[in-house]
Amino acid sequence: MTATQYAPAAAARRPVPAHHASLVVQGTDRVGIVAAVGGLLSRRGANILSLDQYSDPDTGAFFQRTLFTLDGLQAALPGLREELAEQLAQGFALDFTLRDVSAPKRMAVFASKSDHCLLDLLWRHRRGELPVSIPMVISNHPDVAEEVRAFGIPYFHVPSMGADKSAAETEHLRLLKDNVDFVVLARYMQILSPGFIEQVGVPIINIHHSFLPAFIGAGPYAKAKERGVKLIGATAHYVTEDLDEGPIIEQDVVRVTHAETANDLKRRGADVERGVLSRAVLWHAEDRVIRNGNHTIVFS
């Protein structure tokens with residue numbers, strides 16, 4: 001796929017009206033699930049705006065995302081959750097999440113010296129393209145502090161030096177506790193410890209070039225140029241304890257030629273990284289991504 005296929009996601013989006021909610025359901029496929037969800041929402045007076053579903057033919061797993069509107073949503077949510085628990089969790093042994101989508105998810109951004117992914121997210125957020133709030137940017141370097149503050153977003157410099165990251169991660173956890181719904185690593189060039197990933201308690205999204213496991217370490221685009229690669233790309237995925245092996249959310253590639261320099265490859269790679277990460281963030285923020293083991297269902 002090419003980036004041009006995602007043109008609708010690049011358009012500025014209006015704020016989600018009040019009284020809109022998303023319902024995400026997953027579990028083992030059985031007859032009657034869609035009818036049960038539709039009937040329950042109908043009895044409550046809800047109007048379904050969109051419904052996406054997928055049944056895995058190999059495993060029998062079922063996934064569904066429903067966007068609906070309901071007058072007086074805030075008052076109705078507790079009773080709706082109780083009824084969903086009774087019919088879906090108990091009746092069909094399904095897991096579900098129900099969320100008022102007019103309240104944007106809170107996204108913290110981690111960055112290092114590279115600013116292309118970070119500033120792209122901040123710019124898209126300011127334009128209204130990403131339905132999130134950004135309570136903070138955290139970096140192990142002070143280099144982009146002024147650029148971030150120009151967007152009116154708090155910037156925290158937390159140095160992370162040497163092999164022992166415990167002090168930095170303790171400060172990260174203090175800053176993040178009860179303040180965010182997910183974290184984005186916008187080219188944050190530090191490895192997160194398993195303990196941090198467990199304790200942070202929210203999803204973490206990472207972006208990196210798609211040369212891995214080839215061209216590990218510094219200067220991957222120079223190494224790619226030396227090998228004469230013809231495709232460069234990027235991958236956005238959820239972070240797990242297995243480095244760069246978490247469930248993939250989005251990927252993209254661009255074709256390159258022998259005539260392009262290592263700097264050309266790096267520039268074009270940065271463009272791909274920006275697009276891939278922004279789409280992954282958008283889809284996560286809109287509850288379009290459902291994790292299933294080590295892969296994802298993405299209703300894009």
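The chain carries 31 positive and 35 negative side chains. Lys and Arg are counted as positive, Asp and Glu as negative, with His and the chain ends not counted. The centres of the two sets lie 5 Å apart, each charge being placed at NZ of Lys, CZ of Arg, CG of Asp or CD of Glu. The model is predicted: local features need pLDDT of at least 70, side-chain atom pairs count only at pLDDT 80 or more, and totals for chains, interfaces and linings use all residues. Residues are numbered from 1 along each chain as its sequence is written, and side-chain values use heavy atoms, with hydrogens and water left out.

The secondary structure comprises 9 helices and 13 strands. These elements are DSSP runs numbered from the N terminus (helices H or I, at least four residues; strands E, at least two). The radius of gyration is 21 Å, close to the 19 Å that the globule rule gives for 300 residues, so the chain is as compact as a globular protein of that length. That radius is taken over C-alpha atoms, and the rule is 2.2 Å times the number of residues to the power 0.38. Along its principal axes the C-alpha trace spans about 60 × 40 × 35 Å.

Buried residues make up 46% of the 300 residues. Buried means under 20% relative accessible area, exposed over 50%, and partly exposed in between (1.4 Å probe, protein chains only). The chain exposes about 14,800 Å², of which carbon and sulfur atoms supply 53%. Areas come from the Shrake-Rupley method with a 1.4 Å probe; for residues, only the protein chains shown count as cover. Among contacts with a separation of 6 or more, 66% join residues 24 or more positions apart. A contact means heavy atoms within 4.5 Å.

Ser 112 sits in the loop between strand S5 (105-111) and helix H4 (116-126). Ser 112 is buried, at a relative accessible area of 3%. Its side chain makes a polar contact with the side chain of Asn 140 at 2.8 Å. A polar contact is a pair of N or O atoms within 3.5 Å; within protein, one must be able to donate a hydrogen and the other to accept it, and residues adjacent in sequence count only if both atoms are side-chain atoms. A polar atom of the Ser 112 side chain also lies 2.9 Å from the backbone nitrogen of Met 189. Not counting residues up to four places away in sequence, Ser 112 touches Ser 139, Asn 140, His 141, Val 144, Arg 187, Tyr 188 and Met 189.

Thr 296 belongs to strand S13 (residues 295-298). Thr 296 counts as buried, at 15% relative accessibility. A polar atom of its side chain lies 2.6 Å from the backbone oxygen of Ile 248. Beyond neighbours within four places in sequence, the contacts of Thr 296 include Tyr 238, Pro 247, Ile 249 and Val 289.

Most residues other than glycine have a negative phi. Ala 93 has a positive phi, near 55°. Ala 93 lies in the loop between helix H3 (73-90) and strand S4 (95-100), and is exposed at 59% relative accessible area. Asp 178 also has a positive phi, near 65°. This residue occupies the loop between helix H6 (166-176) and strand S8 (182-185). Asp 178 is exposed, with a relative accessible area of 61%.

Ala 214 lies in the loop between strand S9 (204-209) and helix H8 (220-227). At 34% relative accessibility, Ala 214 is partly exposed.
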